[in-house]
Amino acid sequence: MSETNTKLKALMADLFKCSPDELSDSTGPGDINGWDSLGHVSLMAEIQKQFGTHIPVEDAIEVESIADIVKIIDRPQESHA
Amino acid sequence: MSPAVEPVWTPASPGTDFAGQLAALRSAPRQASAGVNERLAALHGLSEALLSGAGNLREGLPADGLAFLSAFLREDNLRSLIAREVPAPDALSQFVAIGPRKSLRLLPRGLVCHWVAGNVPLLAVFSWAVSAALGNANAIRLSSRQGDVMSPLLRSLAAQSPVGRIISDETLVVTFDRNHTEAQHAMSLAADVRIAWGGRDAVDAIRGLPTRWDCEDVVFGPRMSMAVIDPAVIKPTAVTRLVTDIVIFDQLACSSPQVVFVKGVPDEAGFDAFMGLFQEAFARQSAAFRRHGLDFAETFRISLDRSRAILSGGTVLRDGGTQWTVAIMAAPADGIDCANRFVQVVPYQSLDEIYPFVPENAQTCVVQLPPQDLAAFSEQAAWRGVCRFPNPGEGNHFENPWDGIGLVSRLTRFVVRSEAGR
């Protein structure tokens, strides 16, 4: 498991008040308590704070799993333009 | 103040009456006010406050809109929104070279007056946030049919930081009857920019008010939206997102699809598989997103339109009550009111079959097509009036441009300077 993956799951366990064991790479929005639409925006905000990665709304909408988020965090950052 | 103008949020140093308040807002010196970076940071702070739920900020705001709003107010989102339209966003802070000979500076236009439709109250917040970020003062007339979505936000903003205080002090929120001629005229005559949200009657009434000769008009009027889907390239999760675009604001938003064109023919495997997923998603998402309570007329209209669809040769898929309806039709039926989670599905085999049905007031077309089809369809449909081609799930995300209008250029003055010594 990558460092990003481990750090993300710890962040999510803290944010959604669950055990990291409940989170697998295929866990997606709606699979755990609190990961609703507002929880999703909160998660994107926390990722920006802890990883310094801005996830555009268009990408955030298409997130289907933790594995998707890891891919976004690990890809090169886009500029605003 | 005229007794029929109800103040909702009043700046710190108001004038003596409504016209006086507007005049004070318009004439307040903007130059010494906060810069765009500080303003974006303050609005970002408001997003943080929405996410944390601090100070009961979420009360009075529609739950389904909270995620939209908090995502919209993020600094990165607002910067992207500006950068999408302006070649040199730094021009909002200083003169910036645009080529070897010229520099550009963007300045706020002054007082932006917003007339907000009652159907989607959060729209006021979107246009206000962009306007405030760009340094304008704002006067907002809320519809008497809607709750006050602005005061909790402005109160939070004012308490958050000195710049938040500046923005809230530059904002006046009122409500008055649409027939209050004196108030309508006062607001219109004070405006450097008028932003009108609403149906045909509402926007026509606002456009007919007297105004300054140089006032800029931004009209977000009655629009219609649709979707075009190729079952061969849509994933089940995207079907759910498409249905969310339809159900989340009960099709009260202009950007909610009313007709979905689906490639294929009924009884063909690909088409039927899509319809199965579509139907399941409707049942699931209709339960997930609470709907406003239907009145008798709305309930009756759904039953009537189901009958009309069947009598027109259509097939109606529906729940046991009036929660959702999918009518599979050979062609879109004009007499059917696609509202309150009632959508028409029209099969197609060639994209050419769709173009005659693109209305001239088309706004959004949610698409999921193979790349070559997307390129061909978007070019043709854009010429017929479509302004946006978002992916499923993005249909109702307010973005810039909206309705084909670039908000930043409408809300700022573009100042050009030749470089010295040239």
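Over the ring of which residue does the charged end of Arg141(B) sit? The ring belongs to Phe176(B), and the charged end of Arg141(B) is 5.3 Å from its centre. A charge sits over a ring if NZ of Lys or CZ of Arg is within 6 Å of the ring centre and within 35 degrees of the ring normal. Arg417(B) likewise lies over the face of Phe95(B), at 4.3 Å from the ring centre.

This is a predicted model: local features need pLDDT of at least 70, side-chain atom pairs count only at pLDDT 80 or more, and totals for chains, interfaces and linings use all residues. Residues are numbered from 1 along each chain as its sequence is written, chains are lettered from A and ligands numbered from 1 in the order written, and side-chain values use heavy atoms, without hydrogens and water.

Next, the aromatic rings. Rings of Phe, Tyr and Trp (its six-membered ring) pair if their centres lie within 6.5 Å; planes under 30 degrees apart count as stacked, over 60 as edge-to-face and the rest as tilted. Over all chains, 16 aromatic pairs are counted. Phe72(B) and Phe126(B) form an edge-to-face pair, 4.7 Å centre to centre, with 75° between the planes. Phe72(B) lies in helix α3 and Phe126(B) in helix α5 of chain B, so the pair ties together parts 54 residues apart in sequence. Helices (H or I, at least four residues) and strands (E, at least two) are DSSP runs, numbered from the N terminus. Both Phe72(B) and Phe126(B) are buried (under 20% relative accessible area, 1.4 Å probe, protein chains only).

Trp197(B) and Phe398(B) make a tilted pair, 5.9 Å centre to centre and 55° between the planes. Trp197(B) is in strand β7 and Phe398(B) in the loop between α13 and α14 of chain B, so this pair ties together parts 201 residues apart in sequence. Trp197(B) is buried at 5% relative accessible area, and Phe398(B) is buried at 7%.

Three strands of chain B form an open antiparallel sheet in the order β2-β3-β15. Two strands pair if DSSP finds at least two bridges between them. The edge strands are β2 (96–97) and β15 (412–418) of chain B. Between β2(B) and β3 (residues 102–108) of chain B there are 2 bridges. Val96(B) has Leu104(B) as its bridge partner in β3(B).

Methods
Buried means under 20% relative accessible area, exposed over 50%, partly exposed in between (1.4 Å probe, protein chains only).
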